[in-house]
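Please examine the structure shown below, together with its sequence.

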Amino acid sequence: GVTPPIATLPPTGLTPTAPGAVIPPAGTLPPTGITPSVPMGVTPPIATLPPTDLTPTAPGNNASLPDGIDYSPEVPLTEGRRFTQEPGWNLWVDSRFSDISDRRSGLDLDGKAGYVTIGADHRLNQDLAVGLMTIFERNRSSGFNDEWKVRSDGFSVGPYVAYRLNPQWSIDSSLGIGVLNNENQISVLKEEYETQRYALSMSATGQYNVDEVLLQPKFSLSYTHFRNEDHLMKGNVLVTPVTLNIEQQNFNYGVVESSLQISRGYTTDDGKVWFPFAEVGLNNEFDRPNDGLMITGDLSQEKSSAWTGTLRTGMQALLTPNTYIETSVGYLSLGQNGLDIWEGRLFFSYGF
């Protein structure tokens, strides 16, 4: 089999907490993951970097705030539309970086992954917005004393739509089509190939005011299909040239996620509004390559858990009535002993 890149965070729909893409497993080998299921085989997802999508994960626009600020309690249409008044147009940039360390069952694997998503959407009426986003990603992984190295670079593009069902709930969906260029090295053998990715994401986000605190539950579903092109793996074993023909591979990855975010707004003398927040989540990977089997340090196979917990904390702010920014850090591998996935995020949005 062909081992795809190790630490890719291939978006599978809307970008995390913003119109764009849902982030699948951090160690996923469809098309990238941190631990291979079998040597040179398709690696199943290790842990999920929960999808984050259009709907808000923190106090949205027109949220009820303390200190005499009076906004309506409507949930914003998208992550980037958390303004005092919802604009006709919204431009946004979402960037994330993840550090991955896998020491389960004798493994010694490390990976780093990052992406930047740029998007824009237009509000067609009070409760409907459509947009387009592009995602650029870069992934690097290594293991087994650098005998195994994986590099992956790619991009995705696709439309998204968001609809407000009522003042407390909004739904969104996105479709993404992308390409990954992969370079893998296993000892003296090397391969280069292309992965095509097709992703669909749907989610529903709620917003409830409890005194001066905002509670935001969210439920998401994402499903991604990966296709590795046929290619050659080549190298010299001692002085003997070796060439392996790798046939085309197809595999899928699906995850359902739920989370709850708690936040509260504060104002400063200069009129800026700040929202410290905390979020807890639970994810289940219901469809995994190789049924979740991963290779261990002694090259035997072991099935990883399909359940993963997540924790995030950070700060959101309305710098002006039409400028929103968010920074956060998260731990995305609760319940996976020996696996550590840390994430940092910076999100910027401007409405006009």
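Are Glu86 and Arg123 buried or exposed? Both Glu86 and Arg123 are buried, where buried means under 20% relative accessible area, exposed over 50%, and partly exposed in between (1.4 Å probe, protein chains only). The model is a predicted one, in which local features need pLDDT of at least 70 and side-chain atom pairs count only at pLDDT 80 or more, while totals for chains, interfaces and linings use all residues. Residues are numbered from 1 along each chain as its sequence is written, and side-chain values use heavy atoms, with hydrogens and water left out.

The side chains of Glu86 and Arg123 form a salt bridge, at 3.9 Å from N to O; the term denotes a side-chain nitrogen of Lys or Arg within 4 Å of a carboxyl oxygen of Asp or Glu. This pair links distant parts of the chain, 37 residues apart: Glu86 lies in the segment before β1 (89–102), and Arg123 in strand β2 (residues 109–125). Both residues also belong to a network of salt bridges that links Glu74, Glu86, Arg123, Asp127 and Arg164. Side chains of opposite charge can pair when their charged atoms come close.

The whole structure contains 25 salt bridges. In one of them, Arg312 pairs with Glu279, with the closest N and O atoms 3.4 Å apart. Here strand β16 (residues 307–320), which holds Arg312, is linked to strand β13 (residues 273–287), which holds Glu279, and the two residues are 33 apart in the chain. Arg312 counts as buried because its relative accessibility is 8%, and Glu279 is likewise buried at 8%. Another salt bridge joins Lys272 to Asp270, with 3.1 Å between the closest N and O atoms. Lys272 is partly exposed because its relative accessibility is 25%, whereas Asp270, at 52%, counts as exposed.

Turning to the fold, the protein has 18 strands and zero helices; these are DSSP runs numbered from the N terminus (helices: H or I, at least four residues; strands: E, at least two). Of its 352 residues, 55% count as buried. Among contacts (heavy atoms within 4.5 Å) between residues at least 6 apart in sequence, 65% join residues at least 24 apart.

Which residues make up the largest nonpolar core? It has eleven: Phe83, Trp92, Tyr115, Met133, Ile135, Tyr160, Val273, Phe275, Leu318, Tyr324 and Phe347. Such a core is a set of buried Ala, Val, Leu, Ile, Met, Phe, Trp, Tyr and Cys residues joined through side-chain atoms within 4.5 Å. Strands β3 (128–143) and β13 each supply at least two residues of this core. A second, separate core of five residues includes Leu107, Trp148, Val150 and Met294. Within the largest core, Tyr324 touches residues that include Phe83, Leu318, Phe347 and Phe348.

Phe348 lies in strand β18 and is partly exposed because its relative accessible area is 36%. Phe348 is one of the residues of a nonpolar surface patch of about 1100 Å², among them Trp89, Leu91, Val93 and Phe352. A patch of this kind consists of residues with over 30% relative accessible area and no salt bridge, with nonpolar side chains (Val, Leu, Ile, Met, Phe, Trp, Tyr) joined within 5 Å and, for charged patches, like charges within 9 Å. Strands β1, β2, β3, β4 (148–166) and β18 (339–351) each give two or more residues to the patch, and β1 provides the largest share, three residues. The protein as a whole exposes about 13600 Å², of which carbon and sulfur atoms supply 59%; accessible areas come from the Shrake-Rupley method with a 1.4 Å probe, and for residues only the protein chains shown count as cover.

Definitions and conventions. Lists of a residue's contacts leave out its neighbours within four places in sequence.
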